[in-house]
Amino acid sequence: MLLNSEIITKLKTHPLLSPNFTVWNYQNPQAGSFDDIKNLAGSNMQDTLKKLGIYKLYAHQVKALHSISVGENVVLSTGTASGKTLCYQIPILEKFTNNGLSSALLLYPTKALTNDQSNSFNALSTMLDQNQNNKPFTAIYDGDSPSHLRQSIRKNVNILLTNPDMLNVALLPHHTSWASFFQNLSFIVIDELHQYKGVFGSHFANIVRRLKRVLEFYGATPQFILTSATIGNPRELAEKIIEAPVKLIEKDESPKGERHIVLYNPPLISPEFGIREGLLSSTIKLSSFFIDHGIQTIVFCRSRRFVEIVTKELKQKYPEAAENIRGYRSGYLRHERRDIESGLKSGSILLVAATNALELGVDIGGVDSVIIAGYPGSMASIKQMSGRAGRHQNTSIAMIIASMNPLDQYFARYPESLFSKPIEHALIDANNPLILIPHLRSSAFEIPFSSRENFGELSRENLKQYWDYLVEEGSIQDKTGKYYWLADYYPSSTLSIRSAATSSIILQTDDDGLRKTIGTVDFNSGLWMCHEGAIYLHDGEQYHVDSLDLESQTAILSGGDYSYNTEPIKTMEISIVSRKNEKEFKYFNNIYGEVEVKSQVTGFKKIDGVTREVLSAETLDLPVTSLLTSGFWVVINKTCLQKLREARMWSADPNNYGQNWQAIRKAILERDRYTCQACGAQPEIEPLHVHHKIPFKAFNTTILANEPGNLVTLCQNCHHLTELNVKIRNSLSGLRYLISNLAPLLVLCDANDIDSYSDPLAKFEDSQPVVLVHDTTPAGIGLSESLFRRFELLIEKCHALVSSCTCESGCPSCVGPDSENGFGGKQETIFLLSLLQEY
């Protein structure tokens, strides 16, 4: 059944769902703007289009094709189903039609995208040449390509579809086997440009540098055509990737049907504590509505595990439709994914729960409704996912369900952010030494480097320090003004382009002595993600880490279904290496520079998966790690601190229990007979602790705080466990929580790309209060620098979020964190944020 006004009305007036629609955005149908192909420069491209029966195109397509026809590099940043693919298919086929030797390289961030494009090229080629006499040889070259076909592909291919990983390890190191292909290369297409951010994007920019060196060797100067979802800086990112000027085309002039974009904020279960209905329950409710009305739907989920849970729950609820309810994620066999894609196109599949694997350009024809279960990490992804709803200009709806995450709740309270141009920027740093140096090794292997040669935008003068290092290392030889690779292996074979780590921990399962490797994680991350006793999520499944051997860098895991999660307990020590920029404000200083972060995982907490209660805490003995990276930090000055204290909005000072504390403490110990009231222990060596049941800082006077009924004797272990469960939040920890959670609003990054730290008595700033945010990539990739430059906007967003939260004293959606059943912090944080906005 097609979505229609009657079903829309039912949804709008649904008694259980409608009260939770935070916003209902209606977009009128868009007729689209067309242009005649006669306006294209030159006649060859016009002839190609006429052979395909195309006499008019969307206006943005004509603009793109015109720019390409006059030799410009182009980046198209328009919506889903706006015809971006045709904008590179036509020039490639037109060039081949007029020059049978012409070749094209198409790069996709994932293997899944190549199959659709290969079929599409073959179909268009057949339409152009019915006799099949001059059809280009189109081929996919990835890890699944049959070995017996690879030699033929290398020798004969005209249109090659591959990914950056294969370009890194299979094409560039063996470029002589691809000589004819590279000599005749006319176009390089980079699809899904917005995916090339952070470490992956920084590696990819260096691969493009290596590619351009190889092409220069073969005398080829191809054009670049790039496509992107809507991000804040498509031209800037494109020009950083290819290091050449780019023409931006971003006005989408394709026709659109009637569209509804709805934001659903699950109902409050506990208003006092800001707790809302779970994301899973809300997802099942909304999915059920569309299944009941026969509306084809995609449910986008944030994890593979969530995909499987949603699929299982809906199959159990609708057994008669179970065959038409499917899951879709990486890890499925190729033929399974193709069946699901075909079922979506034909309409035989009613609902698919999917990860973002279906976001990335896979051709499924469009559906009537899309549900996005939780903020997917970027507004670019929201636009890409919601764009999946709508086919043939029919009515469509996209529903976004907010989770308890602060960023989700920001959008729930400020939904206009979802309907404006994204402000988040995709950032890369191709010159990060830890990323750059492996590519210099690889490039020298591919073609010896001249001492007079640049590497992309890096001049020979800037390169000299790196060559000197590599010569001293012994991997490169400096011979008569040229740098040669010396080792007997090709360096890109050991290079992981999706990580900046130099060493990794191998993750293995052990099934009766048969070990199977399921993945790797960089060494430093492994210490807190894969320590002994940790619950590790991989491919949506839970694993218990049975052991971690740091010498062999191997972790042994066992699968299972666990009712708890684990959270590492870390200590951090910050040292300032350099200060690169500093801004002084009325109540604080904002500083950007290089920092050294020494951290150690000293233990971990077991946390109930439902209630978030801390079940136990265990100690660990793991090594201290050191990270040299970039960061920015906010230093609260004395004037601000005085304001906070005067307003009784500062609870981060050490506790002063009063003059009679020692006598009170002794009386409680005697009352409890020097026995831990939790476990009954009577330790002889370790001192007993006297614990405040309601935290000391929750009181205005010491008399009430130190009432005997509020005091209890605990041993050291029980006191530590209790403190993990009950903590006092303060303005500094609240500020840290908000900044780290709202950072993705301004920069495209994953949760693990940045880390944060707060200290009311920071040694590196003369014992002043500090909140620090740093990149987790060695040397940094520009995330913290971007946040430093946009700090005023970030603080504005933080203040708006916490001020509009309906909780009384703090909750997971504002000053958190949700693993602490603590007290206060909200009003203190609001007061501090107000001061920080007084510039």
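Buried means a relative accessible area under 20%, exposed means over 50%, and partly exposed lies in between, with a 1.4 Å probe and protein chains only. The model shown is predicted, so local features need a pLDDT of at least 70 and side-chain atom pairs count only at pLDDT 80 or more, whereas totals for chains, interfaces and linings use all residues. Residues are numbered from 1 along each chain as its sequence is written, and side-chain values use heavy atoms, with hydrogens and water left out.

View 1. The C-alpha trace spans about 100 × 80 × 65 Å along its principal axes, and 54% of the 839 residues count as buried. Among contacts (heavy atoms within 4.5 Å) with a separation of 6 or more, 72% are between residues 24 or more positions apart.

View 2. A disulfide is a covalent bond between the sulfur atoms of two cysteines. Here it is taken as a pair of cysteine sulfur atoms within 2.5 Å, and by this rule the count is zero. The cysteine sulfur closest to that of C805 belongs to C811, at 3.5 Å, which is too far for a bond. For C807 the closest cysteine sulfur is that of C805, at 3.6 Å, again too far for a bond. C805 is buried at a relative accessible area of 8%, and C807 is buried at 5%.

View 3. K797 lies in helix α25, which covers residues 791-804. Lys and Arg count as positive and Asp and Glu as negative, while His and the chain ends are not counted; a salt bridge requires a side-chain nitrogen of Lys or Arg within 4 Å of a carboxyl oxygen of Asp or Glu. Although K797 is buried, it has no salt bridge, and the nearest side chain of opposite charge, that of E796, is 4.7 Å away. The side chain of K797 does make a polar contact with the side chain of Y410, at 3.2 Å; such a contact is a pair of N or O atoms within 3.5 Å, where, within protein, one must be able to donate a hydrogen and the other to accept it, and residues adjacent in sequence count only if both atoms are side-chain atoms.

**View 4. Salt bridges within and between helices.** The structure holds 19 salt bridges, including the one between E236 and K240, whose closest N and O atoms are 3.7 Å apart. These two residues are four apart in helix α10 (residues 234-242), and therefore about one helical turn separates E236 from K240. E236 is partly exposed at 34%, and K240 is partly exposed at 38%. Another salt bridge joins R441 to E473, at 2.7 Å from N to O. Because R441 lies in helix α16 (residues 433-446) and E473 in helix α17 (residues 460-473), this pair ties together parts that are 32 residues apart in sequence. R441 is buried at 18% relative accessibility, whereas E473 is partly exposed at 37%.

**View 5. The covered helix α14.** In helix α14 (residues 379-386), seven of the eight residues are buried, so that the helix is mostly covered. The buried residues are M379, A380, S381, I382, Q384, M385 and S386. Their cover includes strands β11 (259-264), β14 (297-300), β17 (369-373) and β18 (396-401), together with helix α15 (406-413).

View 6. Most residues other than glycine have a negative phi. E243, however, has a positive phi near 55 degrees; it is placed in the loop between α10 and β10 (247-249) and is partly exposed at 24%. R673, which is not a glycine either, has a positive phi of about 60 degrees. R673 is found in the loop between α20 (661-671) and β31 (689-692), and at 68% relative accessibility it counts as exposed.
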